[in-house]
Each structure stands twice: as C-alpha cells, then as structure tokens.
Amino acid sequence: MKKLFFLFLMVLLINSVYSQPEFATDRGSLSLGGGISFYSSGGELYENTDGDRNMSFNFNPDFLFFVAPSFAIGAEFQYSYYKSGEYSNNTVGVGPTFMYCIAGHRDQKVYPFISESIFVDFYSYKDTSTDYEGDSKGINSSTSLGVMFMLSKAVALNTRITYFSRTTLGDNSLSGNEIYFGIGIRSFIF
C-alpha cells in the first residue's frame, strides 16, 4: 500500500512539473488584482450647508485562477466608505468573478478581456444629526471590458470600462447603475 501511495504521489509531482503554466493567462496561473481609491471634495461646489467636506474610500481586490488558457474564475471583495458631515455609510460585499482574455491562449504583450462579477453586499448608513440609521442588502453585477498591457512576464497594467448595477433587496427594492473607467495593476503567479 505504501508503494502504491508513493507511486501515486510521484505521478502527481511529475505531472505538476510538466504542466506548469508558461505564460500569464495559461491554465494553472493565479492572478491578483483590484483597485483602491480615496477622494475628498470640498469648496462651495461640494460642501453641504454646514461646510463639511465629502470623503470616500473604496477597496476591491480580486483573486483569479485560470482553469483553462484565457478563462479564469475567482472571487472579488468590495469595501467602500462614504462620509459627508453627520452622514456616513459602509458597504461590504463578496462574490464570484469570471474573466475571459480574448486570444489569451498564448504569450503576448496585450490581452483584451471581458469580465463579470456578481456579489451580495451589505450596506449600512447613519446620520448622527437625526439619529437616523439603517441597513440593506443588495445584489450587484459588474461587467467590464478592458485591456491588460504586460509590463513584465508577471505584471500587467490593467485598464477597464465597467458598467455596475445594484438592486436592493427588501420591501422597497431600488436599483441604480454607474459607468466608470479604471486603471490598476494585476500580478500573475505561474
């Protein structure tokens, strides 16, 4: 039995050595990416009636595993915080993400891609001036079209245009959408 187990282990080890990913979007490659942003706005144009500035922080890392050349599945996490005077809100969400690199089945310098993320988020808000607070749950979907420009074999400059939609869950369901352009860095482990 020990010999059979040892033989099985050796076959797996040899197979993993010979099936190592050869390029960033090859089967077996891992990718880490996402974005982080912070902004603050003030002045007569943006301040509320009390003269308070607006502040926002967003963080959305993702993790992808290429199950086939060009096609990856993984997870995305989202955290955002917004504050304006006495009002603040937090959003935390997580869910699956999928990415397909067009012509990503070979080593190249530019990878156009399309990605889709679907996640559930938990949103809470509070206004200390009126003691008004609450929370809601939502379903989010984001579709991105973009291009990764390989800066090295394992690092890419990631540009994308994203359509983001959110629908709240509950008695008074609401929905909305956003379109935005983003730029970031994506790293690959292979």
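In the predicted model, Phe-119 has a relative accessible area of 4% and is therefore buried, since the limit for this class is under 20%. Phe-164 likewise counts as buried, at 11% relative accessibility.

The structure holds six aromatic pairs. In one of them, the ring centres of Phe-119 and Phe-164 are 6.4 Å apart and the ring planes meet at 40°, so the pair is classed as tilted. This pair joins distant parts of the chain, with Phe-119 in strand β5 and Phe-164 in strand β7 (residues 155–169), 45 residues apart. A tilted arrangement is also found for Tyr-123 and Tyr-125, with 5.7 Å from centre to centre and 40° between the planes. Tyr-123 and Tyr-125 belong, together with Tyr-132, to a cluster linked by ring pairs.

The largest nonpolar core comprises 13 residues, of which Phe-66, Met-99, Cys-101, Tyr-111, Met-148, Met-150 and Phe-188 touch the most other members. At least two residues of this core are supplied by each of the strands β2 (54–68), β4 (87–101), β5 (110–127) and β6 (132–150). In soluble globular proteins, nonpolar side chains tend to be buried together.

Definitions and conventions:
Residues are numbered from 1 along each chain as its sequence is written. This is a predicted model: local features need pLDDT of at least 70, side-chain atom pairs count only at pLDDT 80 or more; totals for chains, interfaces and linings use all residues. Side-chain values use heavy atoms; hydrogens and water are left out. A nonpolar core is a set of buried Ala, Val, Leu, Ile, Met, Phe, Trp, Tyr and Cys residues joined through side-chain atoms within 4.5 Å. Buried means under 20% relative accessible area, exposed over 50%, partly exposed in between (1.4 Å probe, protein chains only). Helices (H or I, at least four residues) and strands (E, at least two) are DSSP runs, numbered from the N terminus. Rings of Phe, Tyr and Trp (its six-membered ring) pair if their centres lie within 6.5 Å; planes under 30 degrees apart count as stacked, over 60 as edge-to-face and the rest as tilted.
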